[in-house]
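Colleague: I am new to this one. Please put the sequence and the structure up, then take my questions in turn.

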Amino acid sequence: MSIAFLTEEQFLHNNRISDQQWQASSITWPTLKAIGLCHEQRTQALNLTAESYARIIQQCSHVHSVRWRVKNPQHLMAKIVRKTVPQSATFKAKYLGINRDNYDEIVTDLIGVRALHLYKDDGLAIHDYLINQWLYEEPPVYYVRSGDDEVFAELPLDIKVKIHPAGYRSLHYVFGSELQQRRIFTEVQVRTIFEEAWTEIDHKIRYPNFSTDAEICSFLLIFNRLVGSADEMGSFVKQLAIEAEQRQQALIASQNLTEKNTGNMESLFQKLAEDSKKQDDYQLVIEKLRQQVMQLQTDKEALQRSIHSNILATTTAATQRYYKASELLDK
């Protein structure tokens with residue numbers, strides 16, 4: 001139903017606002033309706049801004065997926081009522097005096113964008129990406145569950161940490177942008193997919209009725225702790241995968257080194273075999289040379305014997321001729 005045709009009674013009924021809350025609120029119906037109507041008329045333009053934020057955030061490699069929405073006009077009106085009830089848990093002083101002309105300066109989540117990621121440690125990488133894209137209007141807030149103290153040391157100094165009573169875990173940013181000569185705020189929430197699941201269920205059950213049923217709250221708390229455990233398990237599995245990959249790379253490197261060393265050894269064996277073959281060839285040549293030397297020595301000795309025999313024979317023959325000649329002279 002358009003806000004133009006919405007009655008006060010219909011609004012209170014639709015949003016489960018009690019007469020006591022309505023009477024305690026400092027805002028009037030005409031002012032509240034004027035805000036709702038103005039916001040409804042600007043919804044299309046706000047959608048364009050939301051889509052622009054979503055497209056830019058989706059480009060971050062650590063972001064798994066992006067969701068966005070423009071605040072429903074009646075939900076905006078109901079929020080304003082609850083924020084203007086003095087002494088209530090939801091009261092915010094800055095909402096006092098809110099009207100059609102200034103509501104978009106006070107309400108910072110007219111546009112809501114959620115950047116979802118798989119692992120807890122992706123959140124800080126997304127933080128760096130976001131603050132490089134836009135200037136935030138106020139310091140980012142990291143809502144944590146009581147007992148999450150270990151996350152504090154890991155956070156940049158510009159992030160404020162707040163304990164959320166419902167166990168809500170999420171990084172919240174408020175960025176400003178100009179839209180049709182009016183500055184508009186966009187709230188960006190960064191959380192894991194597991195946290196998103198719990199938040200959606202918690203929001204569907206608790207938020208519309210602001211349920212304080214003890215049994216429901218107890219089960220939501222158990223669910224919240226299971227989600228926290230799931231996030232821890234996701235980080236653990238991621239680390240296991242990294243270590244497994246490192247072991248695999250080390251094994252491959254070891255295998256490559258072994259193959260290289262084996263190849264080197266094969267080359268050495270081949271060279272050794274070649275050297276051995278060359279050595280055998282050398283030995284054969286040496287042996288032939290040795291045989292030739294021995295043959296030369298044998299030939300030399302044979303020649304010497306032959307010469308000696310010849311000399312001896314010649315000497316003997318000469319001696320015999322000498323004796324024969326002597327005998328003839330004596331006769």
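**Charges, pairs and a buried strand residue**

Colleague: Which residues form the positive surface patch?

Modeller: Lys and Arg count as positive, Asp and Glu as negative, while His and the chain ends are not counted. A patch takes residues with over 30% relative accessible area and no salt bridge, joining like charges within 9 Å and nonpolar side chains (Val, Leu, Ile, Met, Phe, Trp, Tyr) within 5 Å. The place of a charge is NZ of Lys, CZ of Arg, CG of Asp or CD of Glu. The positive patch here is made of Lys92, Lys94, Lys160 and Lys162.

Colleague: What kind of model is this?

Modeller: Residues are numbered from 1 along each chain as its sequence is written, and side-chain values use heavy atoms, with hydrogens and water left out. Local features need pLDDT of at least 70, side-chain atom pairs count only at pLDDT 80 or more, totals for chains, interfaces and linings use all residues, and the model is predicted.

Colleague: How many helices and strands are there in the chain?

Modeller: Both are DSSP runs numbered from the N terminus: helices are H or I with at least four residues, strands are E with at least two. The chain has nine helices and six strands.

Colleague: Is Lys92 buried, partly exposed or exposed?

Modeller: Lys92 sits in the loop between α5 (73–83) and α6 (103–106). Buried means under 20% relative accessible area, exposed over 50%, and partly exposed in between (1.4 Å probe, protein chains only). Lys92 has 42% relative accessibility, so its class is partly exposed.

Colleague: How many salt bridges does the structure hold?

Modeller: Side chains of opposite charge can pair when their charged atoms come close. A salt bridge needs a side-chain nitrogen of Lys or Arg within 4 Å of a carboxyl oxygen of Asp or Glu. The number of salt bridges in the structure is 10.

Colleague: How many residues apart in sequence are the parts tied together by Arg67 and Glu196?

Modeller: The side chains of Arg67 and Glu196 meet in a salt bridge at 2.6 Å, N to O. Arg67 belongs to strand β1 (residues 65–70) and Glu196 to helix α8 (residues 193–206), so the pair ties together parts whose separation in sequence is 129 residues.

Colleague: Is Glu196 buried or exposed?

Modeller: Glu196 also forms a salt bridge with Arg114, the closest N and O atoms being 2.8 Å apart. Arg114 is partly exposed at 21%, and Arg67 is partly exposed at 40%. Glu196 has 4% relative accessibility, so it counts as buried.

Colleague: Which residues are linked in a network of salt bridges?

Modeller: Glu196 pairs with Arg67 and with Arg114. The network links Arg67, Arg114, Arg191 and Glu196.

Colleague: How far apart in space are Ala115 and Val190, C-alpha to C-alpha?

Modeller: Ala115 lies in strand β2, and its 0% relative accessibility makes it buried. Contact means heavy atoms within 4.5 Å; beyond its neighbours within four places in sequence, Ala115 is in contact with residues including Ile57, Val63 and Val190. Ala115 and Val190 are 75 residues apart in sequence, and their C-alpha distance is 4.8 Å.

Colleague: What share of the 331 residues counts as buried?

Modeller: The chain exposes about 21100 Å², and carbon and sulfur atoms supply 56% of that. Such areas come from the Shrake-Rupley method with a 1.4 Å probe; for residues, only the protein chains shown count as cover. Of the 331 residues, the buried share is 32%.
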